[in-house]
There are 2 protein chains.
Amino acid sequence: MSHVLALSGGVGGAKLAAGLAAVLAPEDLTIVVNTGDDFEHLGLTVCPDIDSVTYALAGLNDTERGWGVKDETWQAMAMLRDLGAPDWFNLGDRDLGMHLARSARLRAGESLSEATEALTRSLGIAPRVVPMSDAPVRTQIETEAGWLEFQHYFVREQCRPVARAIRFAGGGLAEPSPAFAETLARPDLGAVIVCPSNPFLSVDPILALAGVGEALQARDVPVVAVSPIVGGTAIKGPLAKLMGELGQPVSNAAIAAHYGALIDHLVIDSSDRAEAEGLRAAGLSVTITHTVMCDAEDRERLARVALSAARTETG
Amino acid sequence: MSHVLALSGGVGGAKLAAGLAAVLAPEDLTIVVNTGDDFEHLGLTVCPDIDSVTYALAGLNDTERGWGVKDETWQAMAMLRDLGAPDWFNLGDRDLGMHLARSARLRAGESLSEATEALTRSLGIAPRVVPMSDAPVRTQIETEAGWLEFQHYFVREQCRPVARAIRFAGGGLAEPSPAFAETLARPDLGAVIVCPSNPFLSVDPILALAGVGEALQARDVPVVAVSPIVGGTAIKGPLAKLMGELGQPVSNAAIAAHYGALIDHLVIDSSDRAEAEGLRAAGLSVTITHTVMCDAEDRERLARVALSAARTETG
């Protein structure tokens, strides 16, 4: 079996990553995760997307709330609030254990790759979960009030400010992490799956790293993106609002145009089948399927569809 | 009313401190707390004695378990354990909120005094709770295996190693905190109450600070110690074992000899009344009363007894 590289952001991407992990042998999958949303909070290094992928792969994710750890409690948060400490970022008690363990490892000199490998292995996660880079890259959003750090925009301001532009501070100079670079260069790399994460906020930071776009273009490996659009809008998160503010229609055509020559194949939701003809006319292969993932069966089915789409591109 | 200075360690001292806080006007009481047990753990600055006093004064202490916060949970700890992180020091979820809030303030440049004042005020604590020093002082125990940091001895090793000696690294050079120094110099200082904490581990670090012993001796202010001995042994903690290892009998006479000329008056438990005559013969004033504090009534009564003992010394 050839190797599969998955590029993932947080929650939506994490679901497909979990599906891929369920249907592939661990040694056949590398999941590269966006770290543009990472930030320092109360002295902790918080990596929301790595955590979403980690919790999803370990079966620890809260499927009701849609983010964070299941059976979570909020006692530390309540105390922080009583003490007048910043409480705009939700820190669950179990989640705090993760942030503390990671931060201790980073402080002891481990790279984010090393810390992530140790932590995911501790939870019994078999495939390789890899930060996109060991260097800090910070997604920032330009608003009326100036440039906002991602979590300030996303969590503190609840995505309310109108976005004018997005940048990835440090992105162009940051190298991909060693395992990411190694995977990009693997002779047996057979497919790249772009998970249904926000292209602008979660996938672009990965593509903006030094040499990554070029490396993907240079490889004769099919790149299959699963669209985050469902029924002409985003299933969750700020994608639809953001696309509007950036002057783009909320459509698969806009997603395809955004990825451009990078992708060979777009998997779109059945509710958006009317778009398929136009996408194909623009030279893109298209698979139409149900892309909403509510349970393990959905995740694994969509993973198989994406892998099968990659095979049609190779064949 | 003249001002009262209380010197306190953790749990036992915190109980009497809470009693004093209940019977005195807030402006008449300064509680100076041992920081020799403080340590850095998982990137957090943990101050066990300040926290014990804070939780006791805020009514947040767990009276069943005898330490920590009531209604505590241990979810972060469970996650840390799953992640292979150090788990020998108990970090409750609510307690973690305190450590995070304090550490964030220290990282932002506040002194431990400033952080402690802000945090205790947030919890509605009216009297001044003051770290003994803003400079790091670290209590260390010499054992067969060499010098152990206090929490390694106390929590990780559960006080099992035989103690040969105790030292307060940094103690002799560290200045008392500004509010402690100011209180020592107050013209209206009317009494010093040494709470029933471990003299060797919890009170000595306070007395070892630069100039503190001299300042106390120089003031014509009664110093009343409440003995931690009950029925010829220590009510809890490593005191009895430690005194034996240091070649001392576990008695009020040994406690009195240890404090020496520093104290004018010793409050001892009714179960140790047989010792009173010998103590008095050695020139010390003695009050005999029930010193075990199980509830608020006990704490307030003992506080009144100690304050009354101070008044007899003044009169």
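Which residues is I229(B) in contact with, leaving aside its neighbours within four places in sequence? They are A234(B), V250(B), S251(B), N252(B), I255(B), D269(B) and D272(B), where contact means that the C-beta atoms of two residues, placed from the backbone, lie within 7 Å. This is a predicted model, in which local features need pLDDT of at least 70 and side-chain atom pairs count only at pLDDT 80 or more, while totals for chains, interfaces and linings use all residues. Residues are numbered from 1 along each chain as its sequence is written, and chains are lettered from A and ligands numbered from 1 in the order in which they are written.

- I229(B) belongs to strand β11 (residues 229–230) of chain B, strands being DSSP runs of E with at least two residues and helices runs of H or I with at least four, numbered from the N terminus.
- I229(B) is buried because 26 other C-beta atoms lie within 10 Å; a residue counts as buried at 20 or more such atoms, as exposed at 12 or fewer, and as partly exposed in between, with C-beta atoms placed from the backbone.
- Between I229(B) and S177(B) there are 52 residues in sequence and 29 Å in space, C-alpha to C-alpha.

**Sheet and helices of chain B**
- Chain B holds an open sheet of 7 strands in the order β5-β2-β1-β9-β10-β13-β14, with parallel pairing, where two strands pair if DSSP finds at least two bridges between them.
- The edge strands of this sheet are β5 (128–131) and β14 (285–289) of chain B, each of which pairs on one side only.
- Strands β1 (residues 3–8) and β2 (residues 29–33) of chain B run parallel and are joined by 5 bridges, and S8(B) stands opposite V33(B) in β2(B).
- Helix α8 (residues 199–207) of chain B is mostly covered, with 8 of its 9 residues buried, among them F200(B), L201(B) and I206(B).

**Contact between the chains**
- In all, 25 residues of chain A are in contact with 26 residues of chain B.
- On the side of chain A that touches chain B, α3 (75–82), α4 (93–107) and α5 (112–122) of chain A each supply at least two residues, and α4(A) gives the most, with 10 residues.

**Relation of the two copies**
- Chain A can be laid on chain B with an RMSD of 0.0 Å by a turn of 180° and a shift of 0.0 Å along the axis, the copies being superposed by least squares on the C-alpha atoms of residues with pLDDT of at least 70 in both.
- The two copies are therefore related as by a two-fold rotation axis.
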